[in-house]
Amino acid sequence: MRLEAKNLEKSFGEKRVLRGVSFAAESGRALGLLGRNGAGKTTSIRIVMQVFPPDGGEVLLDGERLHTDRVRIGYLPEERGLYPKKPIFEQLVYFGRLAGLSKKQTVQNAERLLKRLEVTQYRDKRLETLSKGNQQKIQLVATLIADPQIVILDEPFSGLDPVNAQLLKDVVRELIAGGKIVLFSSHQMNYIEEFCDDIAILHEGEIALSGALRDIKRSFPRNVVDICGTDLLRVQTALRESAPPWLVNMDLQDDTLAVTLRDPADKAALYRALEPCADVLDAVSVREPSLNEIFVHYTKGASV
Amino acid sequence: MKQFRHIFAFEYLSYAKNKAFVATTVILILVMAVVLCFPRFSNGDFLSGLVGGEGRTVAVAGASEAESQEVAAYLQTVLPDDRVVVDTADEAALHERVLSGEYDAVIRLISPTQYQYITETAAMTDMTSMTVSEALSARLRSMQLRAYGLSETQVTNALNAAVTAVPVTLGNDQSQTFFYTYILMFLLYMAVMMYGQLVAQSVAVEKSSRAMELLITSAKPTSLMFGKVLGAGAAGFTQLILLLGSAFLLYRVNADFWTDNATMASIFDMPLSILLYTILFFVLGFLLYAFLYGALASLASRLEDINTLVMPVTFLMLIAFLVSIFSMLGDVDSVLMRVASFVPFTSPMAMFTRICMGSVAPWEVVLSVALLVGSTIGIGYLAAAIYRVGVLMYGKPPKLMALVRAVQSDRAARRR
């Protein structure tokens, strides 16, 4: 399945929140929707879920207009919310039933998910009596209760301790492996980098960048080479003394010497120049930009 | 429709399972049981005990001992529950004795046509001075008539001559309808207000706990709004039926003990049609107001905001209630009431009052109910439209114009 948002436009009053936003997500691949606060992530998600219609553009599933009553979407809202004063199992069943599941199916799903997330013992407790981490897990159960084909996770990792974060990672991997369309929204880049094959960076209501994460990384200038070794000072001195024309800059920090080249093609010349020092070298690699750097690069400048 | 059913059931059950809601119902039924069973266990005169204080001491102070004695003996016959004594001390001493509590009241004769009625506090329900005035007037008249030379029999006949009216009522007898109308009106007002507030509360709780984030993505706002309002309405209706049902049952069981009480009889012998009208106007009035409550509460981000937001609606209902209640004491078919019985927001109460106590043509009732039904449905959809926009607005509740614009642009986008 392929979920596609095409040229979404949305204004609230005078404010144009989305100005032609497009992105696409596929089964078995996770799409990371990135953006600073107020970039339009939540608005895009709400349009996908048909909480409100866009002013322009459309949301397609396999080329046809998405109907939320035919496809089940699981949503983990950024602002976590369930009924604090109601027993957990009761409200899980309620949300399952609202999504159109039979009573039996809902109960089965709820029991399976509670077990998977190791919170079965709280099923008859009121939500507010649980710790924050456990409330988060219950929230995830509510998201997945209807066995949705599309899963939208808005900041799923915020507020989780490392053990619970690991559990959630495993669940997300299962979802992706199970052929679900997974939409991630976050500004915690490390998680996006870990899970998402595709990304779309939203900036001030527009897509600043989108595509496969690997291609995006490759598209960045590959003219910085990181050198690791036991005697980097010797390497630095040797390079400085020969002073080749392709050497733009050198920066020695901790265990890494970063060499900036005039052109990525000059790396062959660099390797040759390193030959005399080969005995002290551990690793030489072209530096890839981190998602964080990419994100900052594309979303710098004023934002709300 | 399926979603509506789940929401309705969820809302209804959350009231039915709510301890406070159940406890209120049980307590109200118990209170009614105690009141309605009371005459069975008291010896029937508890009402008189409630109305007048028994065993009061009233002193009579005349110019002479003899006159005081005579008046006191005479007054004792008209004040059988009180103890009438004679005390001819001076005014200051009498004041002293009233203040000290020795006497509850003093009747100080000044002239044949005047007396002072001295009490510490003038109670509103104290009828003694009226009884005394009447008795002393009769005594004065009979003395004067005798002075003109009439015989004892002639005097008695003259004083006892009286004219009585035979009532022929073509419409409603307001003395019969007043009490149950009053009680039902009050019930209507309380019920609509209470259950309306419950709807507001439940909307605001979902919004402030952000359960709304999930709800709004799993159900249509219209289903949510209608499910919520009808769920609360059904819960309220169940409570009312339980209350009214047990009241009737308890009255029937104890009917033999209530025979002398005209007020009670007039309440419980209300015609069936009135009961059905009560249900009709409760249902319509509740729906109309509950939709407004729900819509306004959807604008609140915090529970504290609801009270300010729903204030206009509460006032509207209070006005409807007061107009109807005050007209009950005067003319229930006044121009104001005629108008009010067609305006949807006031008609549940005004038209109901007029049906109970005034004279209304059938077409008026039909028109009023039709207008009410129409506007209830209209308000229902308007409420859902506001709710749809309102639940996603966080922060300060929007100004009216901003809200109107938001609803309009939402509808425009939806039509696309």
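Q: Which residue meets Arg29(A) in a salt bridge?
A: This is a predicted model, where local features need pLDDT of at least 70, side-chain atom pairs count only at pLDDT 80 or more, and totals for chains, interfaces and linings use all residues. Residues are numbered from 1 along each chain as its sequence is written, chains are lettered from A and ligands numbered from 1 in the order written, and side-chain values use heavy atoms, leaving out hydrogens and water. A salt bridge needs a side-chain nitrogen of Lys or Arg within 4 Å of a carboxyl oxygen of Asp or Glu. At 2.8 Å, N to O, the partner of Arg29(A) is Asp198(A).

Q: Is Asp198(A) buried or exposed?
A: Buried means under 20% relative accessible area, exposed over 50%, partly exposed in between (1.4 Å probe, protein chains only). Arg29(A) has 30%, so Arg29(A) is partly exposed. Asp198(A) has 12%, so the class of Asp198(A) is buried.

Q: What is the closest N and O distance between Asp266(A) and Arg262(A)?
A: Arg262(A) is exposed at 52% relative accessibility. Asp266(A) is buried at 13%. Their salt bridge has its closest N and O atoms apart by 3.8 Å.

Q: Which residue forms a salt bridge with Arg302(B)?
A: Arg302(B) is partly exposed, at 46% relative accessibility. The closest N and O atoms of the pair are 3.1 Å apart, and the partner is Asp305(B).

Q: How many disulfides are there over all chains?
A: A disulfide is a pair of cysteine sulfur atoms within 2.5 Å. Cys356(B) is buried at 0% relative accessibility. By the sulfur rule, the count over all chains is zero.
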